Amino acid sequence: MNMNKYDNMLAINRERSREKITSAKIAIRELMEDGERVSVPKLMKLTGLSRGFFYKNAEVRRELDDAIQQQAGTINPRRKILDQAMDSRIEQLQNQLAQLQRENAELKKENAKLHKALNRKNLNLIKSL
């Protein structure tokens, strides 16, 4: 009789465990389908399961790792917009840099001419003494 209660308890625990695994897998798939980033905190919130459950249960961990791996290849829409904005800003700064480099080269030439003129003037002044 005691064994029967024990067996019954084991069966109930197995069923609960199976339900938790199913719940976790469904939550992972739903996040993927909705295009949301899969993370343990989100899954904890959705399922009510503990952080440890997602890391310790091998079956769920595999599903979680696969989902995260798949999402690593996809681009977050906000990130794409930020990347475009940054690319635009980089191009703008490169153009500004090229313009400043041209201006600097012109100023260096003008400075060299002025130095030569000043040196000639000084030479003429010395000769006139």
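**Notes on the salt bridges and the aromatic pair**

1. Let's start with Glu36 and Lys42, which form a salt bridge with their closest N and O atoms 3.6 Å apart. The term means a side-chain nitrogen of Lys or Arg within 4 Å of a carboxyl oxygen of Asp or Glu. Glu36 is partly exposed at 34% relative accessible area, and Lys42 is partly exposed too, at 32%. (Buried is under 20% relative accessible area, exposed is over 50%, and partly exposed is in between, using a 1.4 Å probe and protein chains only.)

2. Keep in mind that this is a predicted model, where local features need pLDDT of at least 70, side-chain atom pairs count only at pLDDT 80 or more, and totals for chains, interfaces and linings use all residues. Residues are numbered from 1 along each chain as its sequence is written, and side-chain values use heavy atoms, leaving out hydrogens and water.

3. How many salt bridges does a search of the whole structure find? It finds 5. One of them joins the side chains of Arg18 and Glu59, at 3.3 Å from N to O. Arg18 sits in helix H1 and Glu59 in helix H4 (residues 58-73), so this pair ties together parts 41 residues apart in sequence. (Helices are DSSP runs of H or I with at least four residues, numbered from the N terminus.)

4. On to the rings: the whole structure has 1 aromatic pair. (Rings of Phe, Tyr and Trp, its six-membered ring, pair if their centres lie within 6.5 Å; planes under 30 degrees apart count as stacked, over 60 as edge-to-face, the rest as tilted.) Both Phe53 and Phe54 are buried.

Conventions. Helices (H or I, at least four residues) and strands (E, at least two) are DSSP runs, numbered from the N terminus.
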